Amino acid sequence: MGIAVEGAQKRFGDFQALDDVSIDVPDGSLTALLGPSGSGKSTLLRAIAGLEELDGGQVVIDGKDTTRTPAQKREVGFVFQHYAAFKHMTVFGNVAFGLKIRKWEKAKTSDRVHELLRLVQLDGLAERYPDQLSGGQRQRMALARALAVEPQVLLLDEPFGALDAKVRKDLRSWLRRLHDETGVTTIFVTHDQEEAMDVAEQLVVMNQGRVEQSGTVDELYEHPANEFVMSFVGEVNRLGDAFVRPHDIEVVLDPDERTEEAMVQRIVALGFEIRVELVLGDGTEVWAQLTRAELQRLELREGQIAYLRPVQAKSFNGSSPSHAPGASTPQGSRDGGDAEVSAAV
Amino acid sequence: MSPTAPARWGLRTLAFGYLGLLLLAPVGMIFYKTFEHGLSAPIEAMTTPDALHSIWLTLLMVAVAVPLNTVFGIGCALLLVRHRWKGNAVIDGVINLPFAISPIVIGLSLFLLYGNDGWFGPTLSEWGIQVLFSTPGMILASIFVSLPFVVREVVPVLQEIGTEQEQAASTLGANGWQTFWRITLPAIRWGVAYGVVLTTARVLGEFGAVTIVSGSISGETETLPLFVAKAFEQFNEEAAYAGAIVLALLALTTLLLMSVGGRKAKQVKEES
């Protein structure tokens with residue numbers, strides 16, 4: 001069930017939460033709405049669910065205009081950041097809620113609830129109350145509750161935002177597997193670019209109530225439409241007018257006409273990956289991402305002078321991204337993504 | 001920093017002393033006085049026709065005023081918390097009036113409104129409805145004085161639970177009515193229960209406003225507090241004390257029923 005939003009407008013008093021937002025989410029996809037807080041991503045998600053009424057524009061689900069359809073009739077599964085667990089009901093009661101509303105028979109309801117509890121690995125906790133569950137368990141319960149009624153689309157509003165790092169990582173991969181199994185069109189909101197890139201196939205980057213860019217993860221990473229997208233999707237350094245990814249900076253010991261002098265300030269080992277923080281002559285701080293082998297070969301020390309060569313850089317002064325000098329020998333490992341660029345989302 | 005042991009004991013003594021002197025001693029005294037010479041005298045005092053009628057009338061006040069104020073209170077709290085608009089500030093202020101105005105003044109105002117020279121009085125008596133010195137007026141007074149309790153108890157609970165559970169219910173297909181019965185009401189049930197207890201206690205004990213509008217006619221428009229007051233004035237201490245005990249027991253029963261009822265309501269919701 002594809003979802004389309006056309007020219008959505010929403011104001012809260014003086015605050016323009018959505019300003020002419022249009023997105024197109026293909027059937028069966030897993031899409032992330034990514035943006036800083038206040039960018040309008042949650043408002044957009046809530047508008048798709050019918051929890052927020054748009055001032056203008058359209059929401060189309062599976063080809064049907066649902067702009068004026070109340071939330072209860074949209075058949076949308078919604079998962080809230082803070083779980084919205086029904087505190088006075090057991091886990092079973094929570095998951096069964098939508099089925100009871102639909103007047104399912106008791107036996108059938110029970111079968112379906114237990115099937116879902118197995119799916120979210122909460123079987124055996126059916127008689128617990130939400131306040132007897134951990135945050136991660138509560139969120140899985142909320143997910144089972146949303147899936148119980150077999151929604152056309154699944155919407156998740158910062159679903160892992162209130163959980164600690166380890167649980168968040170587990171739930172991410174688990175959500176992706178769940179999506180692979182159920183195939184329900186899924187949109188989730190996050191402000192965490194790593195989470196978005198980890199889970200989603202499609203990204204919609206939002207900022208100040210507008211869509212900055214949408215496309216596949218590779219597309220946005222390799223061909224960001226503007227400075228905002230480039231710095232929000234992936235890490236970035238600024239060198240004058242140009243933007244360079246940390247893994248697109250080559251560190252060498254011998255200068256030539258394309259290098260810039262810099263001093264090594266700090267070397268941080270993050271497992272396999274090494275983060276080298278440098279400062280340029282004009283005081284600009286940059287960091288380069290090296291492998292352990294590269295670091296050993298260069299024998300870098302903190303306080304040492306080294307030379308930087310941007311392998312690939314972008315600047316957004318003109319309409320199209322330009323390559324920095326020296327980019328003729330592509331060394332970035334992510335350069336293979338171009339072939340997959342599509343116009344979807 | 002926690003207080004030192006002597007300070008802690010000092011505080012406890014003060015708290016108990018305060019409660020003991022101001023609450024337990026007077027109430028205990030009434031119990032003692034009532035049952036000083038056994039059970040037969042108080043039972044006899046409370047089984048006279050006038051006494052029984054006053055108990056019945058008091059229960060009638062509770063039976064009418066409490067459900068009405070509960071329904072109104074929940075609805076009003078929902079309006080105040082869930083539907084923000086400018087009129088809310090006015091409603092919010094007006095609801096507090098019964099707290100601010102002395103019951104005597106409430107009684108007088110009802111007297112003026114429904115008396116023979118009042119706005120409504122002449123019209124209503126043309127239709128054959130006697131408000132003053134009869135049950136309708138007393139019910140009006142009881143509703144007036146006990147109106148704010150449920151609203152005041154439910155509003156903060158509604159604010160605290162937020163709207164996410166209700167929104168979740170609506171995305172799961174529940175309409176407004178289903179959401180209210182299955183989600184909102186169970187979530188606010190303790191606030192409602194507490195409001196009902198306070199409302200009941202207030203109606204049971206109401207004296208000032210009811211005195212004015214009822215005329216306090218024995219065996220006709222005399223509620224239990226009025227009965228106690230009259231018995232006391234007529235030096236019928238036996239009846240006064242016994243009536244007071246009945247009032248206290250009624251209030252206590254309410255408290256018990258509500259705490260049991262709250263727990264039951266939860267179980268029922270679970271099974272349904």
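**Ground rules.** The model is predicted, with local features needing pLDDT of at least 70, side-chain atom pairs counting only at pLDDT 80 or more, and totals for chains, interfaces and linings using all residues. Residues are numbered from 1 along each chain as its sequence is written, chains are lettered from A and ligands numbered from 1 in the order in which they are written, and side-chain values use heavy atoms, without hydrogens and water.

**Confidence.** I read ipTM 0.81 and pTM 0.80 for the model. For chain B the mean pLDDT is 87, and 95% of its residues reach 70 or more.

**Chain B.** I find 14 helices and zero strands in chain B. Helices (H or I, at least four residues) and strands (E, at least two) are DSSP runs, numbered from the N terminus. The C-alpha trace of chain B spans about 70 × 65 × 40 Å along its principal axes. Of its 272 residues, 41% count as buried; buried means under 20% relative accessible area, exposed over 50%, and partly exposed in between (1.4 Å probe, protein chains only). I also checked contacts (heavy atoms within 4.5 Å): among those in chain B between residues at least 6 apart in sequence, 72% join residues at least 24 apart.

**Interface with chain A.** The contact takes 21 residues from chain B and 25 residues from chain A. The buried area is about 2,100 Å², with 57% from carbon and sulfur atoms; this is the accessible area (1.4 Å probe) that two parts lose on being put together, summed over both. On the side of chain B, α10, α11 (176-205) and α14 each supply at least two residues.

I searched the interface of chain B and chain A for salt bridges and got zero; the rule asks for a side-chain nitrogen of Lys or Arg within 4 Å of a carboxyl oxygen of Asp or Glu.

**One residue.** I looked up Val105(B), which lies in helix α6 (residues 103-114) of chain B. Val105(B) counts as partly exposed because its relative accessibility is 43%. Its C-alpha atom is separated by 21 Å from that of Leu224(B), 119 residues apart along the chain.

Methods: pLDDT is the predictor's confidence in each residue, from 0 to 100.
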